[in-house]
Amino acid sequence: MAYLALYRAWRPQGFSEVVGQEQTVTAIRNAVRTGRLAHAYLFSGPRGTGKTSVAKIISKAANCEDLRDGEPCNQCSSCQDINNGNFMDVIEIDAASNRGIDEIRDLREKVRILPAQGKCKVYIIDEVHMLTNEAFNALLKTLEEPPDSVIFILATTESNKIPATIRSRCQSYQFRLLTLPEITQRLQEVAAVNEMNIEESALQLMARRAQGGLRDALGTLDQVYSYKGPNITKQDVLEALGLVDDVFIAELMDKVFANDTTGLLSLLATAVGQGKEPEQLVRETVQYLRDLMFYITMGHTAELTVVTNDTLSLLEKQRNLVNTDKLLQALRLMTDSIQKLRFSESQRLTLEITFLELAALFAAPTVVVTEKTEKKRETVTQTQPAQNKAQSKAPDPLWAKILAGVKEVKVPTHALLSQGKLLGIKDDTAYIGYRKGYKFHKERMEEKANREILEGVLKELSGRTIEVQFIFLDDDQYNDIIVKKAIELFGPEIVEIKD
Ligand SMILES: Nc1ncnc2c1ncn2[C@@H]1O[C@H](COP(=O)(O)OP(=O)(O)OP(=O)(O)O)[C@@H](O)[C@H]1O
Ligand SMILES: [Mg+2]
Ligand SMILES: [Zn+2]
């Protein structure tokens, strides 16, 4: 299938073709009209929002032989040469490629030479924040005494890295992210001209994924087109980009919010069975949770990145089931798990654990962590079943050592074990308690491979052979029960109750 390079074909050729950026475009076009272009411009803003495009239009406007109401004609030889990249007096420097030292040195020598071909030399310096200090200084000298008929256009995605001395010599314009309607409309235009037939939800999905950058949106359309041809459905977009359907994630989250672990595990099994990548699943979930959070705070005005109209009704239901505190914790848990997945030998297991932890997190009562509860959490008598990461910070130094030892051997085993607690060691048997919600963790730990890892670590630490027993604890008053059971088992003299 042909590749269209849409983002190139659709580079705006005149100010009126630029999407968004109205203030910038109006101001510059007026300057062209009145013959008052500045000597130096600084364009900052996110990728793919039109900085280089506008710089090119300025180059043309400054050299055009037939300006029309502030617009370059795109027909004279100057305009055409600039459009084809054959114009000697428009010099593009990519500061990212070698940090610009040679070019800027060169620039200082050549900048005073009169334009060879046109009326005005234009230097476009892209990613200008990457220049070395030396190059910045050289540039500054030139900006301090700008020669006639030279225009500098500096473009950057990180304006905070531009020295104030440079900034103060430039007219600054901030490019903004494009809105969803702006992107959608441009995609529709492109589709119409190229005789594509794009399903509404496919269009939405592509526009949202671009997150405000038009280049990305066009790049996505290109990719899907080269994969599927001119008739494009939502499913095509999902497949071409290796994405997971938001409907699937929404269902998965329904199970999470209902703490339906069986349903959850079976959905995950289906997804893995269909060849979905665990990391992608987690990434999509992160985006989904992000959308949910925005939806809770901003309602219908929220710009959603993955949720399409297909799942809006589910999102509407789910907004009442969670609060933003929990969502933040959940986002943290999920982003951590992306790291874990990278180093995991058993991705599937790590994936399952991640989602079970997510379900447990939403099932637990909201814990407001004050200094006091934080302290309590460190003791055996803690009152809250803390569900977040702080929990795995084991209170007991021996438990911490055991966990660390296990982690060194195998990260997924550590993830299973860290949801339990060491009740104590008696008669060369270590007792480890799990709450009922952690049946999965307990059962996996009981499997030979995981058990042996733990026993190996215990042996290393204690120098003798210690067996392991996993015990179920009731959900209610988890911690009291831990204490009680421990006392039952070991007698009060062994169980230390800290407070
Ligand atoms: N505001 C816009 N209006 C119309 N098209 C745009 C706009 N922004 C980006 N595009 C599309 O994306 C392509 C790349 O845009 P451009 O090179 O101007 O982005 P940029 O802001 O310079 O990005 P970068 O920071 O990555 O250099 C253009 O060729 C065009 O197809
Ligand atoms: Mg650019
Ligand atoms: Zn022209």
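Me: Which residues does K110 touch, leaving out those up to four places away in sequence?
Reply: K110 touches K121 and Y123, where contact means heavy atoms within 4.5 Å. This is a predicted model, with local features needing pLDDT of at least 70, side-chain atom pairs counting only at pLDDT 80 or more, and totals for chains, interfaces and linings using all residues. Residues are numbered from 1 along each chain as its sequence is written, chains are lettered from A and ligands numbered from 1 in written order, and side-chain values use heavy atoms, without hydrogens or water.

Me: What makes K110 partly exposed?
Reply: Its relative accessible area is 39%. Buried means under 20%, exposed over 50%, and partly exposed in between, using a 1.4 Å probe and protein chains only. K110 is therefore partly exposed. As for its place, K110 is found in helix α6, residues 101–110. Helices here are DSSP runs (H or I, at least four residues), as strands are (E, at least two), both numbered from the N terminus.

Me: How do you know whether T52 is buried or exposed?
Reply: T52 has 18% relative accessibility, under the limit for burial, so T52 counts as buried. T52 sits in helix α3, residues 51–63. Setting aside residues up to four places away in sequence, T52 touches R11, E92 and D126.

Me: Why is D69 called partly exposed?
Reply: D69 comes out at 49% relative accessibility, which puts D69 in the partly exposed class. D69 is placed in the loop between α3 and α4 (77–84). Its phi is near 50°, a positive value in a residue other than glycine.

Me: Where does Q211 lie?
Reply: Q211 lies in the loop between α10 (200–209) and α11 (214–228). Though not a glycine, Q211 has a positive phi of about 45°. With 46% relative accessibility, Q211 counts as partly exposed.

Me: On to the metal. Which residues are the protein donors of the zinc ion (ligand 3)?
Reply: They are C64, C73, C76 and C79, each through SG, lying 2.2 to 2.4 Å from the zinc ion. Donors are N, O and S atoms within 2.8 Å of the metal (3.2 Å for Na, K and Ca), and sites may look incomplete because water is not among the atoms. The spacing of these donor residues in sequence is C-x8-C-x2-C-x2-C. C76 and C79 are buried.

Me: How do helix α17 and helix α18 pack?
Reply: Helix α17 (residues 324–343) and helix α18 (residues 347–363) pack at an angle of about 170°, their axes 10 Å apart. Since angles over 145 degrees count as roughly antiparallel, α17 is roughly antiparallel to α18. Axes are lines fitted to C-alpha atoms over the stretch in contact, and angles run from 0 to 180 degrees between N-to-C directions. Among the residues making the contact are L327, L333 and M334 of α17 and L351, F355 and L358 of α18.

Me: What makes D336 partly exposed?
Reply: D336 has 27% relative accessibility, so D336 counts as partly exposed. D336 lies in helix α17.

Me: How many helices and strands does the protein have?
Reply: The protein has 24 helices and ten strands. Of its 499 residues, 50% count as buried.

How values were computed:
Parallel < 35°, antiparallel > 145°, perpendicular 65-115°, else oblique.
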